[in-house]
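This report is meant for a reader who is meeting the structure for the first time. Please keep the sequence and the 3D view at hand while reading.

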Amino acid sequence: MRAQFVLSEIFIGLRRNLTMTVAVVVSAAVALGMLGVALLMLFQTSHMKDYWYNKVEVSVFMCTKDDATLHPATCANGQASQNQMNSLQADLTANQLVQQVFPESQADAYARYQQQSAGSTSGTSMAQYVTPDQIPASLRVKLKNPSTENIDAMISSYQGQQGVETVSDQRTILQPLFKLFNGLTVSATTVAVVMVGLALMLIVNTVRLSAFSRRRETGIMRLVGASNFYIRLPFLMEGAVAGLGGVAVATLGVASFKFFLIDRVLAPNFTFTSFIGWDKVLVTVLILIPVGLLMAVGASALSLRKYLKV
Amino acid sequence: MIRFDKVTKTYPTQNRPALQNISLEIERGEFVFVIGSSGSGKSTFMRLILREERPSAGRVHVAGKDLAKLSNWKIPQLRRQIGTVFQDFRLLPNKTVEQNVAFALEVIGKSRPTIGKAVPEVLDLVGLGGKGGRFPNELSGGEQQRVAIARAFVNRPMVLIADEPTGNLDPETSVGIMKLLDRINRAGTTVVMVTHDQAIVNQMRKRVLELDSGSLVRDQSRGVYGYVR
């Protein structure tokens, strides 16, 4: 195998069809970039769906020591006592609307918060300064019938009790963000599917053109007994180079999505939840590389089967 | 070297077979002319030897191998033992004479030193020593055909197939090409040549196979082109 010979063949081929090569790189980049954005959104959604999100509807947060000044009406004594929490838990368990109650201590809540913030740029900096006694203990409540009226009834009956900092409707807090991310995932996936189709067709046609413009060479190669692999390799490599070019451009797109949209727009405006870090961007790119290569080389191979008889 | 056993080839879109029940044997080192009018099956005959087509019935053996049993990935190995020359030369216009000949060795993965030695040798053999740096369009038709023969022969194949190699050349140049093919044949390579050139066939007095509408109508050693009809 003569590497230099194969390399020169690849670049001759790419240069000869420069406009088609550019078209392939751009459409592959858009396809892979959209795929990358969809992946990032999926990572973000699962990152935000914390431990309690899928289990409970109402969370009753107990007072911490800082709440004596922040919420003087119900937290005048500062940190809620274990007795207050126990009696509240008994009360909730007896409630007609409640199916189950999960108590979460301050230590548990702290551990979960640290875990959740790991890998997030906005979260990590904050997590360094937070101590366990700043994070409230809570009673997480699962309702028998989580209708809006029932949730409202729960909030109005427990909000204002002594030792309770606040009662929140677990779902409505993150709902707008989830809607945004789900919308982004669906639209990015739709564009990705269309663009992948487009990129595949372009690659098939580019390889077909390339095979046609080099039919003299391939004809001679066939006659003198070059192996099928040797005849096809330059075309496959052409596809691979174009596919990798697409991955490179898509990486820029995914990185700027993370940098401009997530870090600059979303993170400052939604401080109550944490966002994915650059490690997830890396994972996304590592997924895009084989997908891009497979797409390009697969389409080339398919095209060669049809248009390059050996 | 080449053996046909009751070979019939029918193309899918045609009713009449291109070759019908052909049996023949070409020995190692023979020089054979294949003649016949257009559509008589000469091209199909060549394509069967190169395994570009498979017979509809019967067996083809080339260089000791039964082509029916040859798997697809072994076809390149077969073709390395067969050199091929065409009427239209089929040289690469953007490569020099040397590069054109070297190309045949490069693409089968020969090493650079091997190529560096074999290419000048074969160019000397075909009488193009010193013209290795020229481009095909700077050469005469006869010289271009010599380059094509050099390319076909550089890997020292056991069989050389020539499809009307003199079809585009004037009679004088043709004689030069025939002398070259004769010399290659005398060195031990089997030569199978398809031609319409009566003068050449009559002059050379080699074995003649005549095809007519897909049938072998004549197999004559030291034959001539044909009888006046």
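This is a predicted model: local features need pLDDT of at least 70, side-chain atom pairs count only at pLDDT 80 or more; totals for chains, interfaces and linings use all residues.

The size of an interface is often given as the accessible area lost when the parts come together. Here chain B and chain A bury about 1,800 Å² between them, and 57% of that area lies on carbon and sulfur atoms. Within the share that chain B buries against chain A, B:R79, B:F103 and B:V107 supply 29%, which is more than any other three residues provide. Counted by residues, the contact draws 22 from chain B and 15 from chain A.

Between chain B and chain A there is 1 salt bridge, and it joins the side chains of A:R222 and B:E52, with a distance of 3.1 Å from N to O. The two chains also have 4 residue pairs in polar contact, with both residues of each pair at pLDDT 80 or more. On the side of chain B that touches chain A, at least two residues come from each of α2 (75-79), β6 (82-86), α3 (97-106) and α4 (112-125) of chain B. By class, the residues of this side of chain B are 12 nonpolar, 2 polar and 8 charged.

**Cavities and a pocket**

Rolling a probe the size of a water molecule over the atoms shows where empty space is left. In the whole structure, the search finds 2 cavities of 30 Å³ or more.

| Space | Volume | Lining by class |
|---|---|---|
| Largest cavity | about 150 Å³ | 10 nonpolar, 3 polar, 3 charged |
| Second largest cavity | about 80 Å³ | 5 nonpolar, 3 polar, 1 charged |
| Second largest pocket | about 470 Å³ | 11 nonpolar, 4 polar, 9 charged |

The largest cavity is lined by 16 residues, and those that lie nearest its centre are A:L223, A:V224, B:G83, B:R151 and B:A152. At least two lining residues come from each of α9 (215-223) of chain A and β6, α3 and α5 (141-153) of chain B, and β6 of chain B gives the most, with 4 residues.

The second largest cavity is lined by A:L14, A:T21, A:V24, A:I203, A:T206, A:V207, A:E238, A:G239 and A:A242. The elements that give two or more residues to this lining are α2 (18-48), α8 (170-213) and α10 (228-269) of chain A.

The second largest pocket has 24 lining residues, of which A:G219, A:R222, A:L223, B:E52 and B:R90 lie nearest its centre; A:R222 and B:E52 are the partners of the salt bridge described above. At least two residues of the pocket lining come from each of α8 and α9 of chain A and α1 (42-49), β6 and β7 (159-163) of chain B. The element that gives the most to this pocket is α9 of chain A, with 7 residues.

Most residues other than glycine have a negative phi, and most peptide bonds are trans. Against that background, B:N21 has a positive phi of about 50 degrees although it is not a glycine, and B:N21 is placed in strand β2 (residues 19-26) of chain B. B:R205, which is not a glycine either, has a positive phi of about 55 degrees, and B:R205 lies in the loop between α7 (198-204) and β9 (207-212) of chain B.

Technical notes:
Residues are numbered from 1 along each chain as its sequence is written. Chains are lettered from A and ligands numbered from 1 in the order in which they are written. Side-chain values use heavy atoms; hydrogens and water are left out. Contact means heavy atoms within 4.5 Å. Buried area is the accessible area (1.4 Å probe) that two parts lose on being put together, summed over both. A salt bridge is a side-chain nitrogen of Lys or Arg within 4 Å of a carboxyl oxygen of Asp or Glu. A polar contact is a pair of N or O atoms within 3.5 Å; within protein, one must be able to donate a hydrogen and the other to accept it, and residues adjacent in sequence count only if both atoms are side-chain atoms. Ala, Val, Leu, Ile, Met, Phe, Trp, Tyr, Cys and Pro count as nonpolar, Asp, Glu, Lys and Arg as charged, and the others, Gly among them, as polar. On a 1 Å grid over the protein atoms alone, a cavity is a set of points where a 1.4 Å probe fits but cannot get out, and a pocket is an open set with protein on both sides within 12 Å along at least five of seven lines; lining residues have an atom within 4 Å of a point. Grid points are joined across faces, edges and corners, and a volume is the space filled by probe spheres set on the points.
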